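Trainee: I would like to learn how to read a structure feature by feature, with the general idea before the particular case. Could we begin with a single backbone angle and work outward from there?

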Amino acid sequence: MFASLGGNKTQVAPGESLEYVVTVRNEGSENLTNVYIRQSFPGTVTYVNGTAQYEKNSQTGGVTDAWVNDGVNLGQLVPDQVVLFRFQGQGNNSVTVGSSVENVVQVKSDQTDWLQRAFTVQIVSPNQTARLRDGDFLKVTNNTLQNGWQNSVDVEPYNVVEFLVKIAN
């Protein structure tokens, strides 16, 4: 059995949500029964109620919020079958900028032992700003905001920034 834990962001600001995705695949030649996922949120992350769902055989199904305490049984996986389990977590507002937060899940079936997988995000400031000064040698644009070439721009986390540097010999 293969299992992984990932997320839709690698950096989050305090209080920001992110989506986690557990991927489980049967890499064996026999069926896996009672594929079970459990997890324990770190003290700095809270589960966002109503966000848990699974995708199996091109069908999506909801999962009750009780899975946070009880885990979730995703049933049987035939060889080469994949199930995705998605849920959202929200970082606490008091989490320290510059720190990292690790979330861990455990996955097992009747035929396998527990596998533990982790995903870590970095905590960044929601107010990060880049300020570049005027000059003939440097121009900058925030491609996310599509604000054109300027002498200075404000940048927030996840913005795409492009620099134009003039080099003369």
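This is a predicted model: local features need pLDDT of at least 70, side-chain atom pairs count only at pLDDT 80 or more; totals for chains, interfaces and linings use all residues.

Trainee: What is the phi of Ser-58, and where in the chain does Ser-58 lie?

Mentor: Ser-58 has a positive phi of about 60°, although the residue is not a glycine, and its place is the loop between strand S6 (53-56) and strand S7 (59-62). A second residue can be read in this way: Asp-80, also not a glycine, has a positive phi near 70°, and Asp-80 is found in the loop between S8 and strand S9 (82-91).

Trainee: How many helices and strands does the protein have, and in which pattern do they follow along the sequence?

Mentor: The protein has one helix and 13 strands, and read along the sequence the pattern is β-β-β-β-β-β-β-α-β-β-β-β-β-β. As for burial, 34% of the 169 residues of the protein count as buried.

Trainee: How should I read a sheet, and in what order do the strands of the open sheet come?

Mentor: The general idea is that strands of a sheet pair through backbone hydrogen bonds, either parallel or antiparallel. In this model, five strands form an open sheet in the order S2-S11-S10-S4-S8, with mixed pairing. The edge strands are S2 (11-12) and S8 (72-73), each of which pairs on one side only.

Trainee: Which residues are bridge partners where S4 pairs with S8 and with S10?

Mentor: Strand S4 (residues 36-40) pairs with S8 in the antiparallel sense over two bridges, and there Tyr-36 has Asn-73 of S8 as its bridge partner. S4 and S10 also pair in the antiparallel sense, over five bridges, and the partner of Gln-39 in S10 is Val-105.

Trainee: How do S10 and S11 pair, and how many residues lie between them?

Mentor: S10 and S11 pair in the antiparallel sense over nine bridges, and they form a hairpin with two residues between them. Within this pairing, Asn-103 has Phe-119 of S11 as its bridge partner. Strand S10 (residues 100-109) also shows how a strand can have two faces: Val-101, Asn-103, Val-105, Val-107 and Ser-109 make up the covered face, whereas Ser-100, Glu-102, Val-104, Gln-106 and Lys-108 make up the uncovered one.

Trainee: Turning to the aromatic rings, how many aromatic pairs are there, and how is a pair described?

Mentor: A pair of aromatic rings is described by the distance of the centres and the angle of the planes. The count here comes to 10 aromatic pairs. Take Phe-41 and Trp-67, whose ring centres are 6.5 Å apart and whose planes stand at 65°, so the pair is edge-to-face. This pair links distant parts of the chain, since Phe-41 is in the loop between S4 and strand S5 (45-47) and Trp-67 is in helix H1 (residues 67-70), 26 residues apart. Both Phe-41 and Trp-67 are buried.

Trainee: What are the distance and angle for Tyr-47 and Trp-67, and are the two residues buried or exposed?

Mentor: Tyr-47 and Trp-67 form an edge-to-face pair, with 5.6 Å centre to centre and 90° between the planes. Tyr-47 in strand S5 and Trp-67 in helix H1 are 20 residues apart, and their pair links distant parts of the chain; both residues are buried. Tyr-20, Phe-41, Tyr-47, Trp-67, Phe-85, Phe-87 and Phe-119 form one aromatic cluster.

Trainee: Which charged residues sit over a ring?

Mentor: The charged end of Arg-25 sits over the ring of Phe-2, 4.5 Å from its centre, and Arg-38 lies over the face of Trp-114, at 3.9 Å from the ring centre.

Trainee: Finally, how many cavities of 30 Å³ or more does the structure hold, and what lines the largest cavity?

Mentor: The structure holds two cavities of 30 Å³ or more, and the largest has a volume of about 60 Å³. The largest cavity is lined by 13 residues, of which Val-12, Val-45, Gly-91, Val-121 and Ile-123 lie nearest its centre. By class, its lining has 10 nonpolar, three polar and no charged residues, and strands S3 (17-25) and S11 (112-123) each supply at least two residues of that lining.

Definitions and conventions: Residues are numbered from 1 along each chain as its sequence is written. Side-chain values use heavy atoms; hydrogens and water are left out. Two strands pair if DSSP finds at least two bridges between them. Helices (H or I, at least four residues) and strands (E, at least two) are DSSP runs, numbered from the N terminus. On a 1 Å grid over the protein atoms alone, a cavity is a set of points where a 1.4 Å probe fits but cannot get out, and a pocket is an open set with protein on both sides within 12 Å along at least five of seven lines; lining residues have an atom within 4 Å of a point. Grid points are joined across faces, edges and corners, and a volume is the space filled by probe spheres set on the points. Ala, Val, Leu, Ile, Met, Phe, Trp, Tyr, Cys and Pro count as nonpolar, Asp, Glu, Lys and Arg as charged, and the others, Gly among them, as polar. Rings of Phe, Tyr and Trp (its six-membered ring) pair if their centres lie within 6.5 Å; planes under 30 degrees apart count as stacked, over 60 as edge-to-face and the rest as tilted. Buried means under 20% relative accessible area, exposed over 50%, partly exposed in between (1.4 Å probe, protein chains only). A charge sits over a ring if NZ of Lys or CZ of Arg is within 6 Å of the ring centre and within 35 degrees of the ring normal.
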